[in-house]
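Please read these notes with the sequence and the model open side by side. The points are numbered so that each can be checked in turn.

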Amino acid sequence: MTSIKIQFLVQMTCDSCVKAVRKSLENVDGVKSVEVDLAKGSVVVDSTLPTLNLLKRLESTGKLIAIKGYAGSIAAVSILEAGDKSVKGVIRFVQATPDTCIIDGTVDGLRPGNYNLEVHECGDLSEGCSSIGNIFNPASYFGKRTYGSLGEVSAERNGRSEFRLEDKVLKLSDIIGRSFVVSTQTNEKSSIPVSCGIIARSAGLFQNPKTICACDGTTIWDEVSKPNSKSSL
């Protein structure tokens, strides 16, 4: 599996905090390296594990954690905000190599069962998931699958689906501004969107220096502490 570096902001105040952070990721299969900078509150993890898995391990230290950025030529995020109101999720994309796009997501509020992951043509949510067009399939693409058909994932009894996919077809530069969709399959050629969100470019590694929101002065720790914060999904 392809590993990527993920930067977390961790509320650390002393060397004991650094030791706790290192211990939370020590001898964990899938973690290749951990770089901790106490002065900057930065923890960079090189790993093949889903982001949520790493986040939970860091949160076990009792510290506040926020995701800051991903290594790769391009990074993007989609926040599910249309469709079934009970479904919430954050999906992150990284072009880890020219031939590998990593799709890392957590979706909650689903009925247990199998779901399709798709990229649709349009980023127009004016009519919810009804205005996003068809599954994206550019005319220049001649592969065996539909370009925007990313595969199938399952939701557990608790309604959560966690996934980390490595896609050898998708190019992140082709899909920014389009929509990410979780759908149910009705037959071999048709599916019904359950939830969707626009795919928007996000910060790469060390490209997000903000710790205070310029609009209202809210600190990143105030934001992370909110219930259902997107930084902790």
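Which residues do ring pairs link into a cluster? The cluster is made of Phe-136, Tyr-141 and Tyr-147; point 3 returns to these rings.

1. Basis of the notes. This is a predicted model, in which local features need pLDDT of at least 70, side-chain atom pairs count only at pLDDT 80 or more, and totals for chains, interfaces and linings use all residues. Residues are numbered from 1 along each chain as its sequence is written, and side-chain values use heavy atoms, with hydrogens and water left out. The pLDDT is the predictor's confidence in each residue, from 0 to 100. Its mean over the chain is 85, and 85% of the residues reach 70 or more. Over residues 211–227 the pLDDT is below 50, and beyond near neighbours in sequence this stretch has 26 contacts in the model. A contact means heavy atoms within 4.5 Å.

2. The chain as a whole. There are four helices and 14 strands; these are DSSP runs numbered from the N terminus, with helices (H or I) of at least four residues and strands (E) of at least two. Of the 233 residues, 46% count as buried. Buried means under 20% relative accessible area, exposed means over 50%, and partly exposed lies in between (1.4 Å probe, protein chains only). The chain exposes about 11,900 Å², of which carbon and sulfur atoms supply 48%. Such areas come from the Shrake-Rupley method with a 1.4 Å probe, and for residues only the protein chains shown count as cover. Among contacts between residues at least 6 apart in sequence, 65% join residues at least 24 apart.

3. The aromatic rings. Rings of Phe, Tyr and Trp (its six-membered ring) pair if their centres lie within 6.5 Å; planes under 30 degrees apart count as stacked, over 60 as edge-to-face and the rest as tilted. By this rule the count comes to three aromatic pairs. Phe-136 and Tyr-147 form an edge-to-face pair, because their ring centres are 5.5 Å apart and their planes stand at 85°. Both residues of this pair are in the loop between strand S10 (126–129) and strand S11 (149–155), eleven residues apart. Tyr-141 and Tyr-147 are also edge-to-face, with centres 5.1 Å apart and planes at 75°. Tyr-141 counts as buried at 18% relative accessibility, and Tyr-147 counts as buried at 4%. Phe-136 is buried too. The charged end of Arg-178 sits over the ring of Phe-136, 3.8 Å from its centre; this requires NZ of Lys or CZ of Arg within 6 Å of the ring centre and within 35 degrees of the ring normal.

4. His-120. This residue is in strand S9 (residues 113–120) and counts as buried because its relative accessibility is 6%. Its side chain makes a polar contact with the side chain of Glu-118 at 2.7 Å. A polar contact is a pair of N or O atoms within 3.5 Å; within protein, one must be able to donate a hydrogen and the other to accept it, and residues adjacent in sequence count only if both atoms are side-chain atoms. The His-120 side chain also reaches the backbone oxygen of Gly-133 at 2.8 Å. Leaving out residues up to four places away in sequence, His-120 touches several others, including Phe-136 and Arg-178.

5. Gly-123. Gly-123 is in the loop between S9 and S10 and is partly exposed, at 27% relative accessibility. Its C-alpha atom is separated by 4.2 Å from that of Arg-178, although the two residues are 55 apart along the chain.

6. Arg-164. What does the side chain of Arg-164 make a polar contact with? The partner is the side chain of Glu-166, at 3.2 Å. The backbone oxygen of Thr-48 lies 3.1 Å from a polar atom of the Arg-164 side chain. Arg-164 is in strand S12 (residues 161–167) and counts as buried, at 12% relative accessibility. Beyond residues up to four places away in sequence, it touches Met-1, Thr-48 and Asp-104, among others.

7. Asn-27. Most residues other than glycine have a negative phi. Asn-27 has a positive phi of about 55° although it is not a glycine. Asn-27 is in the loop between helix H1 (15–24) and S2, and counts as exposed at 77% relative accessibility.
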